[in-house]
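Q: I have a model open and I'd like to learn to read it feature by feature. Could you walk me through it?

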Amino acid sequence: MVNLTIDGKSISVKENTTIMEAARQNGIPIPSLCYLKGINEIAACRVCVVELVGKERLITSCNNVAEEGMVIFTNSPKVRKDRRTNVELILSQHDCQCVTCARSGCCSLQKIANDLNIIDIPYRQEIDRREWNQDFPLIRDSAKCIKCMRCIQICDKVQKLSVWDVEGTGSRTTVNVSGHMNIEDAPCSLCGQCITHCPVGALRERDDTEKVWDAMADEKKTVVVQVAPAVRTSWGEQTGLAPEEASVGKIMDALKRMGADYVFDTVFSADLTIMEEANEFVRRFTAGELKSYPMFTSCCPGWVRFAKSQYPHLVKYLSTAKSPQQMFGAVMKTYFAEKIGKRPEDIYTVSVMPCVAKKAEREQELFYEEYAGHDVDAVITTRELVKMMRSAHISPETLRDIPGDSPMQEGTGAGVIFGVTGGVMEAALRTAYAVITGENPDADAFEAVRSPGFNANEGVSEAELTINGIRIRTAVVSGLGNTRTLLDRMEKGEVQYDFVEVMACPGGCVGGGGQPIHDGQELAFDRGRQLYRLDSDCKIRFSHENPDIRKLYEEYMGQPLSHKAHMLLHTEHGM
Ligand code: HC0
Ligand code: SF4
């Protein structure tokens with residue numbers, strides 16, 4: 001242990017603890033803009049400066065280690081003056097039009113400038129404005145970038161994709177797409193982790209809310225909305241509702257008040273995905289197709305994009321099942337459209353997702369005897385949903401819990417846990433067991449596939465299960481860096497599996513790039529626990545027992561993997 005004094009308080013911390021962490025551990029927060037523990041400790045912003053008695057120059061606290069006998073002041077007049085100058089210099093290169101910024105009210109720079117009582121910027125403004133493809137689902141605004149380097153580090157260290165890089169030198173140093181590429185040519189998975197880790201508004205999703213408002217106002221369109229599992233775990237964070245109060249039923253009420261004609265829970269189509277995917281797995285496994293590589297889940301478009309750009313030879317091992325988002329879109333424009341006497345082109349399908357990559361996934365096409373447009377017409381993130389609620393002047397406390405519409409109303413606990421890493425695998429195994437043995441397992445029989453992240457914050461879990469004497473080796477991984485490590489081990493023959501679930505975002509969709517942003521806090525695992533609670537509270541916990549799914553097969557699809565199911569519910573992933 002080392003002993004030191006911070007702001008007059010005597011403290012002891014473990015050796016090699018940074019001054020920043022030593023202070024935090026003792027209830028003394030030091031402000032910063034660029035710091036991300038263990039990921040970005042490079043003192044780029046110099047907001048975390050502190051005074052070390054005996055040293056004339058201030059030092060940065062995020063990358064200097066606490067030493068025995070240090071006497072530190074985190075907020076002395078000298079520190080305040082220097083910190084203020086550093087923030088003023090950052091502001092001189094920042095487009096400070098806060099009122100039109102997507103991050104207004106949730107911006108660390110705005111907060112810190114305000115905390116430091118900066119009401120004027122004494123330096124000449126020099127803003128770096130660059131062109132960007134505004135149609136791409138991920139938008140970068142160079143004029144807002146504060147060169148904190150967090151996006152570079154998240155993409156390098158956590159996602160191991162290195163989409164971002166430093167460009168230029170000296171005062172012209174900035175961030176841009178690596179290799180001077182256009183973003184649409186870069187291997188971006190669209191996981192959106194750079195957005196949720198950006199302290200300002202330099203990165204955001206493409207706004208699709210106006211399209212949705214237009215469709216809602218168009219009398220010729222029937223607007224049909226689905227809400228993803230993970231959205232219910234987080235929308236309350238931005239609306240002031242506690243997790244138990246922020247139900248999916250209230251989101252449905254809000255959507256109807258805004259102008260949606262029909263609202264559904266994506267949990268229904270998560271169950272449908274399981275029907276197709278579990279049956280596909282049993283078929284491919286028993287046919288001996290999975291000898292060299294396992295079947296991979298395909299419902300995460302971030303992962304599918306990553307596989308296509310980084311491991312194209314593995315794409316044929318992806319499940320051909322479309323994601324729940326896409327399956328629901330296809331069902332809305334066919335089965336449901338017929339039920340309400342509409343043509344596919346009269347239906348406008350909207351998804352509320354915790355995800356940025358879903359905005360690209362929606363471009364998949366729908367063939368219903370002939371080309372019938374897209375499964376999904378617009379995707380909005382959880383953040384965009386809350387923005388729409390605000391602009392509709394909906395007070396969250398006035399929302400009531402309403403059910404989704406018929407005939408796709410039911411969803412099971414198995415579908416609910418899709419939103420958390422391990423959930424798709426667990427749900428699929430519950431149904432695969434029933435397909436193989438003809439009877440249900442205990443609903444919690446496959447808890448072993450739940451992410452160890454719930455204990456140890458690791459990204460991979462492995463489980464070997466025996467069903468009717470058949471051994472099935474599974475792995476679950478979240479985060480693309482962890483995925484790369486796992487795939488490389490598979491390629492070297494160090495590990496072998498039959499079925500693997502991959503989610504691009506650490507913790508799964510609960511940690512998605514479209515979720516509310518809380519700078520410096522990782523909430524995926526807390527949100528994931530909510531989904532496990534909802535699953536254990538569900539009356540039905542097996543996708544194959546969903547009565548509305550049974551009805552869909554009886555009335556329309558026939559059997560899982562039928563010709564019609566193949567046409568509407570499967571895809572070759574663009575191969
Ligand atoms: Fe997910 Fe999904 S679980 S990917 O995270 O499979 O986005 O929540 O909606 O589609 O259901 C996201 C979340 C979904 C889909 C589902 C899957
Ligand atoms: Fe989107 Fe979920 Fe995949 Fe993240 S894990 S990219 S939120 S589908």
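Q: Let's start with strand pairing. How many bridges join strand E7 to strand E8?
A: Strands of a sheet pair through backbone hydrogen bonds, either parallel or antiparallel. Keep in mind that this is a predicted model. Here E7 (residues 164-167) and E8 (residues 174-177) run antiparallel, joined by 4 bridges. If you want one pair to click on, Trp164 has Val177 as its bridge partner in E8.

Q: And what about the turn: which residue in the hairpin of E7 and E8 takes a positive phi?
A: That's Gly168, with phi near 80°. The hairpin has 6 residues between the strands.

Q: How do I read a whole sheet? What is the strand order in the open sheet of 5 strands?
A: In a regular strand the side chains alternate between the two faces of the sheet. As for the order, read across this sheet and you get E2-E1-E5-E3-E4, with mixed pairing. The edges are strand E2 (9-13) and E4, each of which pairs on one side only. Zoom in on the E4 end: strand E3 (residues 49-52) runs antiparallel to E4, with 2 bridges between them. There, Val49 stands opposite Thr60 in E4.

Q: What sits in the loops around that sheet? Where is Glu67, for instance?
A: Glu67 is in the loop between strand E4 (59-60) and strand E5 (71-73). Its relative accessibility is 48%, so Glu67 counts as partly exposed. Look at its partners beyond four places in sequence: Glu67 is in contact with Val2, Asn3 and Leu4. The C-alpha atoms of Glu67 and Leu4 are separated by 6.9 Å, though the two are 63 residues apart along the chain.

Q: Which loop holds Asp7?
A: Asp7 is in the loop between strand E1 (2-6) and E2. Check its backbone: phi is near 50°, a positive value in a residue other than glycine. With a relative accessible area of 34%, Asp7 is partly exposed.

Q: Where is Asn468, which also has a positive phi although it is not a glycine?
A: Asn468 is found in the loop between E17 and E18, and its phi is about 50°. At 57% relative accessibility, Asn468 counts as exposed.

Q: On to helices. What should the 15 residues of helix H15 span?
A: Multiply it out at 1.5 Å a residue and helix H15 (residues 423-437) should span 21 Å; its end C-alpha atoms are 21 Å apart, which agrees. Just after H15, Gly438 takes a positive phi of about 80°.

Q: Why is H15 described as largely enclosed by the rest of the structure?
A: Because 12 of its 15 residues are buried. Among them are Val424, Met425, Leu429 and Tyr433, and also Glu426 and Arg430. The buried residues of H15 pack against several elements, including helix H9 (266-286), helix H14 (413-416), strand E19 (499-503) and helix H18 (524-537).

Q: Which peptide bond is cis, with omega near 5°?
A: The one from Ser406 to Pro407. Pro407 lies in the loop between helix H13 (382-391) and H14.

Q: Last one, the overall layout. How is the protein divided into domains?
A: Into domain 1 (2-91), domain 2 (98-108 + 120-204), domain 3 (209-268 + 325-398) and domain 4 (275-322 + 411-569). The centres of domain 2 and domain 4, taken over C-alpha atoms, are separated by 32 Å. Their contact takes 20 residues from domain 2 and 22 residues from domain 4.

Note on methods
Residues numbered from 1 in each chain as written. Chains lettered and ligands numbered in written order. Predicted model: local features only at pLDDT ≥ 70, side-chain atom pairs only at ≥ 80, totals over all residues. Heavy atoms only, no water. Pairing = 2+ DSSP bridges. Expected span 1.5 Å × (residues − 1). Buried < 20%, exposed > 50% of the residue type's maximum accessible area, 1.4 Å probe, protein only. Contact = heavy atoms within 4.5 Å. Domains from an automatic or database assignment.
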